[in-house]
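Visitor: I have a structure to look at and some questions to go with it. Could you guide me through it?

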Amino acid sequence: MIRARGLRKSFGEFEAVKGIDVDVRRGEAFGFLGPNGAGKSSTMRMIASVSPISGGSLEILGMDPATDGPAIRGRLGVCPQEDTLDNELNVRDNLYIYGRYFGIPKGEVNSRVDELLEFVSLTEKSRSKVEDLSGGMKRRLTIARSLVNNPDLLLLDEPTTGLDPQARHVLWDQLFRLKQAGVTLVITTHYMDEAEQLCDRLVVMDKGLIAAEGSPRQLIEEHSTREVAELRFAITDETNPHEAIAGKIEDLGRLEVLPDRILVYSPDGEEVIAKVHERGLDPIAVLVRRSTLEDVFLKLTGRTLVD
Amino acid sequence: MSLTLAAGALRQTDYWWTVFKRTWKGGVISSFVSPLFYVVAMGVLLGGFIEGDPAKLEGATSYLAFIVPGLVAAHAMQIAVGETTYPVMGALKWHKTYYSMIATPLEPRHLVAANLMFVLFRLATACGVFMLVLAPFGVFESWWGPFLAFGSQLLVGMAFATLVYGFSTRLYSEQGFGVLFRLGVLPLTLFSGAFFPITNLGPVLEWVARLTPLWHGVNLSRMFCLDTVDWSTAAINVAVLVVVIVVGWFWSVSGLEKRLDDR
Ligand SMILES: Nc1ncnc2c1ncn2[C@@H]1O[C@H](COP(=O)(O)OP(=O)(O)OP(=O)(O)O)[C@@H](O)[C@H]1O
Ligand SMILES: [Mg+2]
């Protein structure tokens, strides 16, 4: 569905995407996980065939966006990071007018719009102004709009950013149903739980480059340990005690020293904690948990995802 | 495979129809009511103090007959500028409608074409009704002239529409429009022969005025209304306006293409 080699995007001097290789296969859910400014949206806009590539090669649905842009876009659904709904139109007209841009006949758009309003549970709101919708409803409307042309490939740029947990779960459920229906999904996110829930395969992106690639499980196995022990220590004087303490437990596993806690990566978290106590250290709080993509990200980039 | 210009523009008909339904009421006031105030104030009342000497008024027998064709042409420019400034910035910056449009098979040139067609429609209704209203006042010297005058008003309107559209796609802050209105539209309106013959400006400024697109439109409109057509001048006027439109078209399309990749 998508094949990129050495793909680049520059804005003047600044290089937002610095040569990435990506392959997305039919029917899978593919994710770009990365912090702010990683180049996710820039990549998505190139895939959406609205932003010309600056270097490398890109093939979408077997076509070249530089020459077949309209044909490609006719088969894509795009849910941009920033809402581009028309505030001056009501909910239904937003879908109808957009469907007309694809050259779909009036009658067909009308019945499609009814289906989609049902699908995203906005039938009751169909005559409301877009301005009066909540953030979650707007997001759902944007997703409905992106489906108006029955796309083969759906691009979702941070579909759930800014939504409350319940609204996110509703959206995830809808995306999951689309995937079941055979739509290929490409999702960007900086939420690791979202990536874990939705994506079959993902790439971790940072500063315009791909840092790692694989399924969520693979990535965790390759780049992290099974468990993580999180230790918090009381701050006794001006200096941060974490640096000094880290020196005393270096041998227990790979360490990440964060401003508010130390992470110890080990196959057995409980054993780590027992050893910490044996050495006379007295953390005020401890937690043992499984590794997540967050840990993968921390290892690969030295930074946390959501900052 | 690629969508023709006409087909792409037509797909936006439903969109522009909603825009029309939303804006026509305001359009009535700016298109008809305010220009009629101008006609009454300048043409009838002020014109009462001005001697209707055809030798000094480019062949018009009254100041009203002199000013009407120029006013309509200047009005065409103002409508065109009005439709291609804030609305274009709105579609790029505030409502982002263009960004949703280019996510579909439509391309920037289709958006420019449909938007300009809408401007043409606004020009045609505004100038058309304006000319109809003026017909009973005896300001037209032939039956066919006003039709050609109407055509020249559309031409000058579209010349400004394409130029200003291209300008707006390159503008990031609406403050630039203030400069455009004060240093562009206002002096053009006043000094391009709409209110007085440009020969009054003196030889140098007269030639400056002749270089402005608005003068070409005013001159055409007036020659046709007053039946004083010099066909070789008319040919030059038309040619200039057509060249401006063609150049303006490419300037607009390239401006929008660049802008939409760079938010
Ligand atoms: N049109 C543009 N002009 C100049 N720089 C840009 C433009 N678009 C993006 N950038 C820069 O490119 C970099 C990557 O931006 P991009 O929007 O792709 O990041 P992102 O991964 O989507 O981030 P976020 O999580 O914040 O959405 C950023 O440093 C951004 O400032
Ligand atoms: Mg982004």
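Visitor: Along which strands of chain A does α1(A) lie, and at about what angle does it run to β6(A)?

Guide: Keep in mind that this is a predicted model. Helix α1(A) lies across β3, β5, β6 (153-157), β7 (184-189) and β8 of chain A. Its angle to β6(A) is about 155°.

Visitor: What is the strand order of the open sheet of six strands?

Guide: This sheet belongs to chain A, and its pairing is mixed. Its edge strands are β5 (76-79) and β9 (209-214) of chain A, each pairing on one side only. From one strand to the next, the twist averages 15°. The order is β5-β6-β7-β3-β8-β9.

Visitor: Which residue is the bridge partner of F32(A) in β8(A)?

Guide: Strand β3 (residues 29-33) and strand β8 (residues 201-206) of chain A pair in the parallel sense, over four bridges. In β8(A), F32(A) has as its bridge partner V203(A).

Visitor: Why is one side of β2 and of β4 (55-60) of chain A left without a neighbour in the sheet?

Guide: Three strands of chain A form an open antiparallel sheet in the order β2-β1-β4. Strands β2 and β4 of chain A stand at its edges, so each has a single partner strand.

Visitor: At about what angle does α1(A) run to β1(A)?

Guide: Helix α1(A) also lies across β1, β2 and β4 of chain A. Its angle to β1(A) is about 120°.

Visitor: Which element gives the most to the shell around ligand 1?

Guide: Ligand 1 lies between chains A and B. Around it are 17 residues, with K40(A), S41(A) and S42(A) among the closest. In chain A, β2 (14-24) and α1 (40-47) each supply at least two residues of the shell. With four residues, the top contributor is α1(A).

Visitor: How much of the accessible area of ligand 1 does the protein cover?

Guide: Start with the polar contacts. A side-chain N or O atom of N36(A) is 2.9 Å from an oxygen atom of ligand 1. For a backbone N or O atom of G37(A), the distance to a ligand oxygen is 2.8 Å, and for a polar side-chain atom of E158(A) it is 3.0 Å. Of the 630 Å² that ligand 1 has on its own, the protein covers 72%.

Conventions: Residues are numbered from 1 along each chain as its sequence is written. Chains are lettered from A and ligands numbered from 1 in the order in which they are written. This is a predicted model: local features need pLDDT of at least 70, side-chain atom pairs count only at pLDDT 80 or more; totals for chains, interfaces and linings use all residues. Side-chain values use heavy atoms; hydrogens and water are left out. A residue is near a molecule or strand if one of its heavy atoms lies within 4 Å of it. A polar contact is a pair of N or O atoms within 3.5 Å; within protein, one must be able to donate a hydrogen and the other to accept it, and residues adjacent in sequence count only if both atoms are side-chain atoms. Accessible areas come from the Shrake-Rupley method with a 1.4 Å probe; for residues, only the protein chains shown count as cover. Two strands pair if DSSP finds at least two bridges between them. Contact means heavy atoms within 4.5 Å. Axes are lines fitted to C-alpha atoms, for helices over the stretch in contact, and angles run from 0 to 180 degrees between N-to-C directions.
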